[in-house]
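This report describes the fold of one protein chain for a reader who is new to structural work. Please keep the sequence and the model in view while reading.

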Amino acid sequence: MKALGLALVIALVAAAPARAGYKIMYAGEARAVGKLGLSVTPPNDWNRLGDKIGRNAESWTLDGLTLNDLSFYAGIADDKTLFRETDRKYHPLPHFQASMLPPDIVSLFEGSYRVAAGTSLFSVGGVEPATFAGHPGVHFTYAFTLQDEEVKRSGEGTGAVIGGKLYLITFEAPSIYYYERDAGAYRLLVASARIN
């Protein structure tokens with residue numbers, strides 16, 4: 001489990017009981033993400049992980065989370081975290097605030113990763129304005145390496161604060177081959193995002 005692409009899934013899934021694995025999210029079909037009003041239409045088939053990484057978060061993959069990880073954070077309310085807390089007393093996760101500006105979303109994501117993965121090997125690349133589900137938001141790139149691995153991973157995220165709640169979709173994969181191969185499908189999926 002320690003090699004999972006999404007650092008948070010390492011701790012969360014390892015501690016969770018085994019459940020049904022994946023469900024196929026078929027290409028061209030509008031799919032609700034969670035139960036909080038976000039829907040997307042994937043351009044290709046994805047597999048949705050049975051375990052959630054947070055109350056309002058789920059992950060999809062093409063070939064396994066170590067190779068490509070698409071994560072959704074839908075309807076994160078004020079004063080809530082992106083991921084499940086695993087050590088609130090000694091390693092609390094940063095909380096979303098409804099008043100956050102787009103650059104603050106990037107800082108929230110970075111801080112959440114650093115705490116949950118226990119890594120300092122995380123860097124944010126470009127940050128730029130973007131449209132998400134018809135609302136002004138942010139797009140950013142990032143890279144990280146887990147401390148017990150040597151595989152460098154690249155990622156990007158797009159999201160916005162809509163109606164006082166955070167909606168964010170991220171994608172990450174090993175920098176060599178998988179990121180370049182699958183990033184285009186991520187961008188098409190993000191372009192299809194709708195808030196119901």
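Glu172 has its place in strand 10, where strands (DSSP runs of E, at least two residues) and helices (DSSP runs of H or I, at least four residues) are numbered from the N terminus. The model is a predicted one, in which local features need pLDDT of at least 70 and side-chain atom pairs count only at pLDDT 80 or more, while totals for chains, interfaces and linings use all residues. Residues are numbered from 1 along each chain as its sequence is written, and side-chain values use heavy atoms, with hydrogens and water left out.

Is Glu172 buried or exposed? Glu172 has a relative accessible area of 2% and is therefore buried. The term buried means under 20% relative accessible area, exposed means over 50%, and partly exposed lies in between (1.4 Å probe, protein chains only). The side chain of Glu172 makes a polar contact with the side chain of Tyr142, at 2.6 Å. A polar contact is a pair of N or O atoms within 3.5 Å; within protein, one must be able to donate a hydrogen and the other to accept it, and residues adjacent in sequence count only if both atoms are side-chain atoms.

**The aromatic cluster**

Tyr142 also takes part in a ring pair. Rings of Phe, Tyr and Trp (its six-membered ring) pair if their centres lie within 6.5 Å; planes under 30 degrees apart count as stacked, over 60 as edge-to-face and the rest as tilted. By this rule the chain has 19 aromatic pairs. One of them joins Phe122 and Tyr142, which are stacked at 5.4 Å centre to centre with 10° between the planes. This pair links distant parts of the chain, since Phe122 belongs to strand 7 (residues 122-132) and Tyr142 to strand 8 (residues 135-144), 20 residues apart. Both Phe122 and Tyr142 are buried. Ring pairs connect a cluster made of Tyr73, Phe83, Phe109, Tyr113, Phe122, Phe140, Tyr142 and Phe144.

Eight strands form an open sheet in the order 1-4-5-6-10-9-8-7, with antiparallel pairing. Its edge strands, each pairing on one side only, are strand 1 (22-25) and strand 7. From one strand to the next, the twist averages 20°. Two strands pair if DSSP finds at least two bridges between them.

| Strands | Bridges | Opposite residues |
|---|---|---|
| Strand 5 and strand 6 | four bridges | Trp60 and Leu70 |
| Strand 6 and strand 10 | seven bridges | Asp69 and Glu172 |
| Strand 8 and strand 9 | seven bridges | Thr141 and Glu156 |

In a regular strand the side chains alternate between the two faces of the sheet. Strand 6 is largely enclosed by the rest of the structure, because eight of its eight residues are buried.

**Helices across the strands**

Which strands does helix 2 lie across? Helix 2 (residues 102-117) lies across strand 6 (69-76), strand 7, strand 8, strand 9 and strand 10 (165-174), and runs at about 35° to strand 8. Helix 3 (residues 178-191) lies across several strands, among them strand 4 (46-49) and strand 5 (57-61), and runs at about 160° to strand 10. Axes are lines fitted to C-alpha atoms, for helices over the stretch in contact, and angles run from 0 to 180 degrees between N-to-C directions.

Strand 3 (residues 38-40) is joined to strand 11 by two bridges, and Leu38 has Ile195 as its bridge partner.

Thr145 lies in the loop between strand 8 and strand 9. With a relative accessible area of 18%, Thr145 is buried. Leaving aside residues up to four places away in sequence, Thr145 touches Thr119, Leu121, Glu150, Val151 and Lys152, where contact means heavy atoms within 4.5 Å.

**The chain as a whole**

The chain has three helices and 11 strands. Buried residues make up 47% of its 196 residues. Of the contacts with a separation of 6 or more, 51% are between residues 24 or more positions apart.
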